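Please look through the sequence and the structure below before reading on. The paragraphs that follow lead from one place in the chain to the next.

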Amino acid sequence: MMARILVVDDEKSIRLTLCEFLKNDGFIADSAPDAVVACGMIAEKDYDVVITDIIMPRISGMDLLSTIRKTSKTLQIIIMTGEPSVDTAIQSVQNGANDYITKPISKEVLLKATRNAVNIKRLSDEKTALEEKNKFYQKQLEELVALRTQSLQKAMQGIIYLLTSVVETRDPYTAGHQLRVGNLSAAIAKKLQLNQETVELVRTIGYIHDIGKISIPAEILSKPGKLTSLEMEMIKIHALKGYEMISKANLPDIVGQAIYQHHERHNGSGYPLGIKDKDMITESRILIVADVVEAMMSHRPYRPALGLETALAEIESNADILFSGQVVAACTSLFRNDGYVIDNDEKIVHIPL
Ligand SMILES: [Fe+2]
């Protein structure tokens with residue numbers, strides 16, 4: 001495409017001569033007698049280069065320069081100065097001119113400066129177009145990633161809920177137990193001022209912490225009345241089974257660890273590992289307390305619900321004996337000071353993908 005040049009000068013003979021030179025060299029050349037006319041033409045047509053005189057009636061070349069720069073950074077502007085004054089040249093460049101030539105203007109100097117300016121304009125136009133294209137692709141990519149992440153999270157969420165209901169179908173006496181434990185665990189984690197990611201991870205772990213029960217015979221899980229010691233031992237296996245299942249599922253290690261440890265006790269009297277508090281992960285300490293409180297507050301076939309105060313008294317009297325004192329304090333404060341009520345709703349779960 002031919003480059004379009006605008007010559008601005010109040011002297012008609014100069015306009016005609018310069019346009020003639022430019023046209024003969026293959027440019028499209030228009031001219032304007034002053035800055036006001038020039039501005040109107042620039043607004044209408046896409047010029048590549050403006051070659052302007054400095055001293056003109058009405059508006060000076062310098063003012064034209066500033067006006068153009070307000071709307072275009074890439075339109076090339078060449079200033080024509082009356083005498084070779086360094087000061088004027090510097091000032092014009094500071095105002096945004098790309099080049100300057102001195103009068104009287106020779107054909108060679110004019111064409112050389114113009115060709116140079118056209119090249120720069122083309123390059124900067126290409127650069128701008130590329131940058132815009134890149135920005136567009138980047139935005140598209142970001143949107144796509146966000147969308148995919150969202151649908152993965154959604155799928156993950158669905159699977160977690162599914163696992164929750166699978167266990168509870170097998171162990172009907174504890175319907176809703178995992179959801180309530182998950183929500184209470186998340187509330188305790190929040191009370192302990194753990195970060196949002198941990199809060200949501202603890203919730204997720206709570207939702208599936210008894211997943212290992214799926215490997216225990218249904219007759220034992222649904223047996224009314226007291227269990228024999230052998231049956232008790234079989235139930236205890238669920239922590240290890242849950243851990244094994246999660247390990248194979250390629251979920252974050254922390255999920256499996258917390259499930260493995262959810263029946264341990266502060267002083268090492270729990271099962272299956274018999275580890276002490278210092279060897280537990282934070283998520284387990286929270287889960288243990290939430291599990292006990294929720295279980296005590298719920299009805300069981302062999303006993304009625306024990307009530308909030310009984311549950312809180314139980315964990316308080318065993319603070320730093322069976323349970324982490326810090327977690328006990330957070331949990332009791334949650335119920336007593338913040339008015340927390342056991343929450344049976346499915347919340348959005350989060351698993352780091
Ligand atoms: Fe359990």
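Asp-277 is found in the loop between helix 11 and helix 12, in a model that is predicted. With a relative accessible area of 17%, Asp-277 counts as buried, because the limit for that word is under 20%. Once the neighbours within four places in sequence are left aside, the residues in contact with Asp-277 are Arg-265, His-266, Arg-285 and Ser-324. The loop between helix 11 and helix 12 also holds Pro-272, and the peptide bond that joins Tyr-271 to Pro-272 is cis, with an omega of about 0°.

Which residues coordinate the iron ion? The donors are Asp-210 through OD, and His-238, His-262 and His-263 through NE2 in each case, at 2.1 to 2.4 Å. Along the sequence these donor residues follow the spacing D-x27-H-x23-H-H. His-238 belongs to helix 10 (residues 238–248), while His-262 sits in the loop between helix 11 (253–260) and helix 12 (282–297), so the pair ties together parts of the chain that are 24 residues apart in sequence. Both of these histidines, His-238 and His-262, are buried.

Why is the arrangement of the four donor atoms around the iron ion called irregular? The angles that the donor atoms subtend run from 82 to 165°, whereas a tetrahedral label would require all angles to lie between 85 and 135 degrees. For comparison, the ideal angle for four tetrahedral donors is 109.5 degrees.

From the metal site the reader can turn to the packing of helices. Helix 6 (residues 177–191) and helix 7 (residues 196–208) have axes that come within 7 Å and cross at roughly 160°. The two helices, helix 6 and helix 7, are therefore roughly antiparallel to each other, since angles over 145 degrees are counted in that way. The crossing of helix 6 and helix 7 is right-handed. On the side of helix 6 the residues that meet helix 7 include Gln-178, Leu-179, Val-181, Gly-182 and Asn-183, as well as Ser-185, Ala-186, Ala-189 and Lys-190. On the side of helix 7 the residues that take part are Val-199, Val-202, Arg-203, Gly-206, Tyr-207 and Ile-208.

Asn-344 is placed in the segment after helix 14, and at 43% relative accessibility Asn-344 counts as partly exposed. Although Asn-344 and Gly-182 are 162 residues apart in sequence, their C-alpha atoms are 9.4 Å apart in space. Leaving aside the neighbours within four places in sequence, Asn-344 is in contact with Gly-176, Leu-179, Arg-180 and Asn-183; Leu-179 and Asn-183 are also among the residues of helix 6 that meet helix 7.

A second pair of helices packs in another way. Helix 1 (residues 12–24) and helix 5 (residues 107–170) pack at an angle of about 60°, and their axes are 10 Å apart. Helix 1 and helix 5 are therefore oblique to each other, and their crossing is right-handed. In this pair Leu-18, Phe-21 and Leu-22 of helix 1 meet Lys-107, Leu-110, Leu-111 and Thr-114 of helix 5. Pro-104 lies in the loop between strand 5 (99–102) and helix 5, and the peptide bond from Lys-103 to Pro-104 is cis, with omega near -5°.

Where is Ser-222 found? Ser-222 is in the loop between helix 8 (218–221) and helix 9 (229–236), and at 27% relative accessibility Ser-222 counts as partly exposed. Its C-alpha atom is separated by 7.9 Å from that of Arg-170, although Ser-222 and Arg-170 are 52 residues apart along the chain. Not counting residues up to four places away in sequence, Ser-222 touches Pro-172 and Tyr-173.

Two further loops hold residues with a particular backbone angle. Arg-58, in the loop between strand 3 (49–53) and helix 3 (61–71), has a positive phi of about 65° although Arg-58 is not a glycine, and at 64% relative accessibility Arg-58 counts as exposed. Asp-320, in the loop between helix 13 (308–317) and helix 14 (325–336), likewise has a positive phi, of about 60°, without being a glycine.

Key: Residues numbered from 1 in each chain as written. Predicted model: local features only at pLDDT ≥ 70, side-chain atom pairs only at ≥ 80, totals over all residues. Heavy atoms only, no water. Donors = N, O, S within 2.8 Å, 3.2 Å for Na, K, Ca; no water. Tetrahedral: all angles 85-135°; square planar, octahedral: opposite > 155°, others 65-115°. Helix = DSSP H or I, 4+ residues; strand = E, 2+ residues; numbered from the N terminus. Buried < 20%, exposed > 50% of the residue type's maximum accessible area, 1.4 Å probe, protein only. Axes fitted to C-alpha atoms, helices over the stretch in contact; angles between N-to-C directions. Parallel < 35°, antiparallel > 145°, perpendicular 65-115°, else oblique. Left-handed = near helix turned anticlockwise from the far one by under 90°. Contact = heavy atoms within 4.5 Å.
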